[in-house]
Amino acid sequence: MKIYIDGAFYAEADAKISVFDHGLLYGDGVFEGIRFYNGRVFKLEEHLDRLWDSGRAIALTMPLSKEKMTEALLETIRQNELRDGYVRLLVTRGIGNLGLSPDRCKRASVIIIAANIALYPEELYRNGLDVVTCATRRVSPAALSPAIKSLNYLNNILAKIEANQAGAGEGLMLNEQGHVAECTGDNIFVLKRGHLITPPISAGGLRGITREVVFQIAGEFGIKVTEPEMTRYDIYTADECFLTGTAAEIIPVVKLDQRPIGDGKPGPVTARFIARFRELTQATGTPIYP
Ligand code: PXG
């Protein structure tokens with residue numbers, strides 16, 4: 001595997017960063033998880049736009065232009081001779097001292113890792129996921145906006161530990177008011193009486209790029225989507241439910257807190273969204289090998 005760090009490629013064993021990097025010392029940095037399919041990067045511009053927004057929100061100056069970042073990312077995939085996989089793109093605050101002020105960090109560092117993704121097992125797409133509600137609340141937007149895709153994922157990790165301990169596939173996270181925010185690494189949708197609902201971003205979720213694709217597909221299908229404040233009741237009483245994320249793509253949910261959703265099997269509308277999503281990932285995106 002060849003890993004990009006600040007303009008050069010390194011073998012896995014040599015791909016190292018300083019222990020004084022504030023990405024490590026404080027989780028001070030931003031990132032994106034991006035997929036490529038069939039020789040094309042899916043929704044690359046959208047991911048870079050979000051990365052830039054995350055950077056601006058934490059007052060981090062990007063060390064590369066979007067054009068240079070695009071070229072670095074495509075070249076990393078080419079160096080690894082991959083056509084299908086996952087890219088982790090990180091921008092850390094860079095090397096500083098042991099104080100938490102970023103003033104001493106002269107230059108942000110860019111790390112790009114391209115790999116074959118460990119996909120969720122295919123049977124989960126056929127059988128659906130069990131989800132449990134986590135006691136850990138999504139961090140308040142008044143403290144740290146959950147719209148920032150930062151290297152600080154402890155809030156999500158603590159919730160993920162709860163989901164793992166419960167033997168569930170994902171954990172549902174509520175905000176401080178008890179409204180549904182999102183799952184630990186995915187957005188959530190439910191279908192009720194033919195309409196889709198998903199929590200508004202203001203409830204404390206990430207503006208997921210897969211979520212945006214679901215809005216687009218819903219438009220094609222003529223299915224109405226709204227973003228009301230949601231509670232667990234809306235999920236318990238739904239006809240269908242699914243999660244969206246770059247890693248998970250679109251994955252059916254069949255249980256929340258041991259209550260079967262709908263008939264307890266992945267729903268037919270969910271299946272149509274999964275099929276259309278797969279068409280889009282196979283046929284659209286930025287070509288890697290011109
Ligand atoms: N919410 C959160 C908190 C996320 O981290 C999503 C929603 C979905 O967004 P996209 O843009 O991917 O549709 C994410 C992103 C993993 C993993 O390994 C998942 C994400 C990030 C990092 C790792 O499962 N999901």
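This is a predicted model: local features need pLDDT of at least 70, side-chain atom pairs count only at pLDDT 80 or more; totals for chains, interfaces and linings use all residues.
I started with T286, which is partly exposed at a relative accessible area of 28%. My cut-offs here: buried is under 20% relative accessible area, exposed is over 50%, and partly exposed is in between, with a 1.4 Å probe and protein chains only. Residues are numbered from 1 along each chain as its sequence is written, and side-chain values use heavy atoms, with hydrogens and water left out.

Next I looked up where T286 sits: it lies in strand β16, residues 286–287. Strands (E, at least two residues) and helices (H or I, at least four) are DSSP runs, numbered from the N terminus. Leaving out neighbours within four places in sequence, I found T286 in contact with G39, R40, V41, L44 and L74; contact means heavy atoms within 4.5 Å. T70 is 216 residues from T286 in sequence, yet their C-alphas are 9.7 Å apart.

**Largest pocket**

Then I went to the pockets. On a 1 Å grid over the protein atoms alone, a pocket is an open set of points where a 1.4 Å probe fits, with protein on both sides within 12 Å along at least five of seven lines; lining residues have an atom within 4 Å of a point. The volume is the space filled by probe spheres set on the points, which are joined across faces, edges and corners.

The largest pocket comes to about 820 Å³. It has 38 lining residues, and F31, K149, Y153, T184 and G185 are the closest to its centre. I noted that α5 (154–165) gives the most to this lining, with 5 residues. By class I have 16 nonpolar, 14 polar and 8 charged residues. Nonpolar covers Ala, Val, Leu, Ile, Met, Phe, Trp, Tyr, Cys and Pro; charged is Asp, Glu, Lys and Arg; the others, Gly among them, are polar. Domain 1 (2–115) and domain 2 (122–282) each supply at least three lining residues, with bounds from an automatic or database domain assignment.

**Second largest pocket**

This one holds about 280 Å³. Of its 14 lining residues, E46, R50, R207, I209 and E212 are the closest to the centre. Two or more residues come from each of α2 (44–57) and α6, and α2 gives the most, with 6. The lining splits into 5 nonpolar, 2 polar and 7 charged.
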